[in-house]
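Have the sequence and the 3D view open, and try each task before you read on.

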Amino acid sequence: MTNLRPTATCRLKQDYMRLKRDPVPYITAEPLPSNILEWHYVIKGPEDSPYYGGYYHGTLLFTKEFPFKPPSIYMTTPNGRFKINKRLCLSISDFHPDTWNPAWSVATILTGLLSFMLEATPTMGSCETTIHEKRRYAQQSLEFNMKNEVFQELFPEICEEISERLQKIEEQRKLAASTDGIPNGTDSSARTGDATDGLLGRTGTEDSNIWHSLYTNLIVLVGFVVFALIVHYVIKSMNI
C-alpha cells in the first residue's frame with residue numbers, strides 16, 4: 001500500500017493545477033499546506049438560488065488510495081441544506097464507493113456537490129429548511145466563516161470580499177437604525193438582516209409611490225386637455 005501515496009499526491013497536485021487553470025464557477029478550493037489529502041472548499045451561493053450572498057465552507061478528506069477511492073465530504077458552514085460536520089451521502093463520496101469513477105477529479109466532486117446542494121433530494125446528512133431560513137443562513141455565513149482561522153488562512157481573497165460586504169451591511173444597519181430608531185438591545189445579526197431587508201423594502205415602496213403619483217398626474221393632465229378641447233369645439237359650434 002505504500003506505493004499508493006505518491007499516486008494520490010501526484011493526482012491531487014494535478015487536480016490543483018487544473019483548478020487554478022480552469023476555475024469552477026462559484027467554487028474555490030485549497031489543500032492544507034501541511035496535508036494535501038485534506039482539502040477545503042468554499043461555495044458561493046449562485047444568484048438564482050436561496051443561497052445567494054452566502055459563502056459555504058467545507059472539507060474533502062481523501063485517502064491514500066485516491067483516485068481509486070472517493071473522499072469524505074463535509075460541510076462546515078450552516079446552510080440549511082446539509083448538516084454541519086456530518087459525512088454527506090452522495091454518489092461522489094465515500095458512502096458509495098461502488099459508484100465512484102477514478103477519472104473524477106476534485107473539480108468533478110465539487111461541481112457535483114454544488115449541483116446536489118441546489119436540489120431538494122434528501123440524503124443522509126441533508127436537512128430540510130424553508131427558503132427564508134436558507135437566506136438567513138446565507139447572511140449569517142459571512143460572520144461565521146470569518147471566525148474560522150483555517151478559512152482565513154486558506155482564502156484571504158474571499159475574506160477580503162466578506163469584510164467589504166460586512167462593512168456595507170453595517171453602514172446600512174446604522175442608517176436604518178438612525179431612521180427607524182431600532183433599539184440598541186436588538187440582536188446584531190437580526191438587526192443586520194432586518195436593516196438590509198428594510199432598506200430594500202423601503203426603496204421599492206418609494207419607487208412605486210413615485211411612479212403611481214406620476215401616472216395619476218398624467219391622467220389628470222390628459223383629462224383636463226380633453227375637457228378643454230371639448231369646451232372649445234362646443235363654443236365654436238355655437239358661434240357658427
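**Exercise 1.** Which residues does Thr 76 touch, not counting residues up to four places away in sequence?

*Solution.* Before we start, a word on the model: it is predicted, local features need pLDDT of at least 70, side-chain atom pairs count only at pLDDT 80 or more, and totals for chains, interfaces and linings use all residues. Residues are numbered from 1 along each chain as its sequence is written, and side-chain values use heavy atoms, with hydrogens and water left out.

Step 1: find Thr 76 in the loop between strand 4 and helix 2. Helices (H or I, at least four residues) and strands (E, at least two) are DSSP runs, numbered from the N terminus.

Step 2: list its contacts, meaning heavy atoms within 4.5 Å. Thr 76 touches His 57, Gly 58, Ile 84, Asn 85, Phe 144 and Asn 148.

Step 3: check the accessibility. Thr 76 has a relative accessible area of 15%, so it is buried. Here buried means under 20% relative accessible area, exposed over 50%, and partly exposed in between (1.4 Å probe, protein chains only).

**Exercise 2.** Describe the overall layout of the chain.

*Solution.* Step 1: count the elements; there are six helices and four strands. Step 2: read them from the N terminus, which gives the order α-β-β-β-β-α-α-α-α-α. Step 3: look at burial, where 35% of the 240 residues count as buried. Step 4: turn to contacts between residues at least 6 apart in sequence; 55% of these join residues at least 24 apart.

**Exercise 3.** How many aromatic pairs does the structure hold?

*Solution.* Step 1: apply the rule. Rings of Phe, Tyr and Trp (its six-membered ring) pair if their centres lie within 6.5 Å; planes under 30 degrees apart count as stacked, over 60 as edge-to-face and the rest as tilted. The count is eight.

Step 1: inspect two of them. Phe 62 and Phe 66 are edge-to-face, 4.7 Å centre to centre with 65° between the planes, and both residues are buried. The rings of Trp 100 and Trp 104 have centres 5.4 Å apart and planes at 85°, so this pair is edge-to-face. Trp 100 is buried at 9% relative accessibility, whereas Trp 104 is partly exposed at 24%.

Step 2: join the pairs. Tyr 16, Trp 39, Phe 62, Phe 66, Trp 100 and Trp 104 are linked by ring pairs into a cluster.

**Exercise 4.** Find backbone geometry that deserves a second look.

*Solution.* Step 1: recall the background. Most residues other than glycine have a negative phi, and most peptide bonds are trans.

Step 1: check the peptide bonds. The one from Phe 66 to Pro 67 is cis, with omega near 10°, and Pro 67 is in the loop between strand 3 and strand 4.

Step 2: check phi. Tyr 26, in the loop between helix 1 and strand 1, has a positive phi of about 70°. Asn 85 has a positive phi of about 60° and belongs to the loop between strand 4 and helix 2.
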